[in-house]
Amino acid sequence: MNKGWHPVALSTSIEPGSSAGTHIHGREYIVWRDNSGVAHVWEDRCPHRGMKLSFGFVRGDHIACLYHGWQYDTTGRCRYIPAHPDLEVPATITVPAFAAVEAMGMIWANIEPEAHRSAPPVGPGQVVPVRSLYVDVDVHTLLDVLRANLPLPFTGEGETSIAAAAENLWRISTTDESLLAGIQALGESRAALHLVIEGPASVYAGAGQAHYLGWTTLLRQMAESRATATRAEAV
Ligand code: FES
């Protein structure tokens, strides 16, 4: 379940100096970006008393826990404890940090040990973000609903098709356009779809984004209606 690369956010949703909490298969992670722009994905738990680090503060190249202010560098190692400012912090106090890359307008994480990791995703340089859609359904239901309700093209007419492009990534192709949908399994009954349009902002920013944004709203309604109907049948 935890194998492979997982899309955990749109790149544009994590600004330098900011963080967000997320889940992969029910486990909690923090996605944060240091002030130089590098993205990091860690376990979302301070080794001191277990506070979520995503509640903390990014300060330059480190992140400070909200609770007692312990500070961690970009490798996850604790470097400063405010209550003991002169202490040389033991190297054993670290937050588990995972492989993270950016490709196709998304931040990707791999939580497997290095020896078991597949090659990281790579992709086109020019993409236009649409949104991250969070829905209360499992990934399989989300994919079924996605396949059954593909978007109409932004321009032109014709068929729309969908095909797997990589681990946890689908390419949705219309006559003239191509979208990439990264699917994230947040938990057993919650999933996220990170959607970007392949192509230049000069063509797709604005009306193109609005067109596919409207479609994602419909998609969420259909997915959650399906989940509600499935639950009702089960009662
Ligand atoms: S819980 Fe994080 S510093 Fe205490």
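Predicted model: local features only at pLDDT ≥ 70, side-chain atom pairs only at ≥ 80, totals over all residues.
Residues are numbered from 1 along each chain as its sequence is written.

**View 1. An open sheet of four strands is ordered E5-E6-E7-E8, with antiparallel pairing.** Strands (E, at least two residues) are DSSP runs numbered from the N terminus, and two of them pair if DSSP finds at least two bridges between them. Strand E5 (57-59) and strand E8 (78-80) are the edge strands, each of which pairs on one side only.

**View 2. Strand E5 meets strand E6 (residues 62-64) in the antiparallel sense.** The pairing of E5 and E6 runs over three bridges. For Val 58, the bridge partner in E6 is Ile 63.

**View 3. Domain 1 (5-116) and domain 2 (127-234) divide the protein.** The bounds of these domains come from an automatic or database domain assignment, and the centres of domain 1 and domain 2, taken over C-alpha atoms, are separated by 28 Å. Domain 1 gives 15 residues to the contact and domain 2 gives 14 residues, where two residues are in contact if their C-beta atoms, placed from the backbone, lie within 7 Å. On the side of domain 1 that touches domain 2, strand E1 (5-10) and strand E2 (18-24) each supply at least two residues, and E1 provides the largest share of that side, six residues.
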